[in-house]
Amino acid sequence: MATVISYGAAEVVTGSCHLLELDSGERILVDCGMFQGREEKRNYEDFGFDPKSVDYLLVTHAHLDHVGRIPKLVKEGYGGTIYATDATFGLAEVIMLDSAKIMKEDYLTHYKKAQRRGGEKDVPLPLYEEKDVMHALELPRVLPVYDESFELCKDVTVTYRNAGHILGSAFIEIEYKEGNEARKIVFSGDIGNDNDMVIPNLVPCEKADYLYVESTYGDRNHQGALQSMEEFKKVINDTLKEWGNVIIPSFAIERTQEILCILKEMHDKGELPECQIFLDSPMASRATAIYKQYAEELLSKECQHIKKRDGTVFDFEDLKYTLTVDESKAINDVDRRAIIIAGSGMCSGGRILHHLKNRLWNRKNAVIFVGYQAVGTLGRRIVDGAKWAKIYHEDIRVQASIYTINGFSAHADQNGIIKWVKGIEDLHRIFLIHGEEDKQEVLREVMGEKLHEKAHIVEPEEVIYLS
């Protein structure tokens, strides 16, 4: 009997890592992501399985919480093939190299401080280095194409389908034999909503026996896309007209590209007051370059239309890409009418911390959160109403206006999840992953009411028998 054990993203949002073991003995790992927020320390623990024993690694998409521990997996013995879309490999390289860089910088900082008190031996080494990332990327790879099934091994067929989440994202269908019976299990990865201006919509899943589905926003519904866009524009205009600055902590992949599309539209329509716009994230700049590569192939029809009209999807004259440290520091000299887009999206590191330190205390400024904030992150504390923020060992008064606009989320909301699951025929069992437990309990109850299906909340390292 086939089994699945979730070694991450079980009763938490991050750390996606699911091991499917078939009757034939084949061991298939779906994602190998990093834990974030208050779960971060779990990255240093053993995987819970021997990486050498894994036969195949299937990757749903390139977000850190789905790919961030792949170099660690390889470092500890995995030497098989990695399966991911071409765009996912491009973005994953950017994400993992940036992760290695940040971990190295954090290690050197903590080591230096520990030396002063004689505790340098207690500072944990980085999970991996840039060379480990490159080693992982040198492993054999297969580039699945959406909707084209391929044979993974004897009696096992895999199909990647567009998840509508970020560039190259997929939900994965795995068909296998259980005796003489054909079975299908689907891993959703992260599924998108139907209002994305950059990526085409999530496609239906027609049939499955077993479904592992994300539940990040299982307890709520997003504000409508049009309403979110209007709220975003209003905050921008109101703040700039008062000579303030707008700070946007943004994820390098997808959210940044959406924000650039909106700002470009405002600029093109003459809706944007005179201002300076900075994309202050080398990683986001590299990711945007990859998005540009796939503009005519994987982006939405609207983006394709903009590309044909302007020759570019995201760029316009007021936008400046600040790649160097000196360029980033120079933004401090702009004291009014600046829009600063910087990472990290949860304010857990990166250049956004410098901008928050310099501007969070000013009542004229605004901070717009446009993505999920994991429990334990600075972003979550600010969103939850913290009056003070500790940044680089300094207490900063939170006096800027704080806005959370959740309609930009690349995750399906409760209605979106229910709609997608409802369209799946022959569904035998539903397993909830990738969500906080209280939100999963809400979604489970709603599924019982609307789908007449009893979903199971997967516990960490629980052995699920696919019977």
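The model is predicted. The count of salt bridges comes to 31. The structure also holds three cavities of 30 Å³ or more. Ser-281 sits in a loop between a strand and a helix, β13 and α7.

**Salt bridges**

- Arg-27 pairs with Glu-21 in a salt bridge. Their closest N and O atoms are 2.9 Å apart.
- Arg-27 counts as buried because its relative accessibility, 16%, is under the 20% cut-off. Glu-21 has a relative accessible area of 29%, so it is partly exposed.
- Lys-72 forms a salt bridge with Glu-76. Here the closest N and O atoms lie 3.2 Å apart.
- Lys-72 is buried, at 5% relative accessibility. Glu-76 is partly exposed, at 32%.
- Arg-336 and Asp-335 also meet through their side chains. The N to O distance in this salt bridge is 3.6 Å.
- Asp-335 counts as exposed because its 55% relative accessibility is over the 50% cut-off. Arg-336, with a relative accessible area of 44%, is partly exposed.
- Salt bridges also link residues into a network. Its members are Arg-380, Asp-384, Glu-436, Asp-438 and Lys-439.

**The largest cavity**

- Rolling a probe the size of a water molecule over the atoms shows where empty space is left.
- The largest cavity holds about 70 Å³ of space.
- Two elements each give two or more residues to its lining: α3 (86-116) and α4 (130-137).
- Helix α3 provides the largest share, four residues.
- The lining includes Val-59, Val-67, Ile-70 and Ile-82. Also among the lining residues are Thr-88, Phe-89, Met-96 and Leu-137.
- By type, the lining of the largest cavity divides into ten nonpolar residues, one polar and no charged.

**The second largest pocket**

- The second largest pocket has a volume of about 280 Å³.
- It is lined by 16 residues. The closest to its centre are Gly-192, Asn-193, Asp-194, Gly-416 and Lys-419.
- The lining of this pocket divides into four nonpolar, nine polar and three charged residues.

**Helix α10**

- Helix α10 spans residues 352-359.
- Its buried residues are Ile-352, Leu-353, His-355, Leu-356 and Arg-359.

**Ser-281**

- Ser-281 lies in the loop between β13 (276-280) and α7 (282-293).
- Its relative accessible area is 9%, so Ser-281 is buried.
- The side chain of Ser-281 reaches the backbone nitrogen of Ala-284 at 3.0 Å.

Key
Residues numbered from 1 in each chain as written. Predicted model: local features only at pLDDT ≥ 70, side-chain atom pairs only at ≥ 80, totals over all residues. Heavy atoms only, no water. Salt bridge = Lys/Arg side-chain N within 4 Å of Asp/Glu carboxyl O. Buried < 20%, exposed > 50% of the residue type's maximum accessible area, 1.4 Å probe, protein only. 1 Å grid on protein atoms, 1.4 Å probe; cavity = no way out; pocket = protein on both sides within 12 Å on 5 of 7 lines; lining within 4 Å. Points joined across faces, edges and corners; volume = space filled by probe spheres on them. Nonpolar A, V, L, I, M, F, W, Y, C, P; charged D, E, K, R; others polar. Polar contact = N/O pair within 3.5 Å; in protein donor to acceptor, adjacent residues only side chain to side chain.
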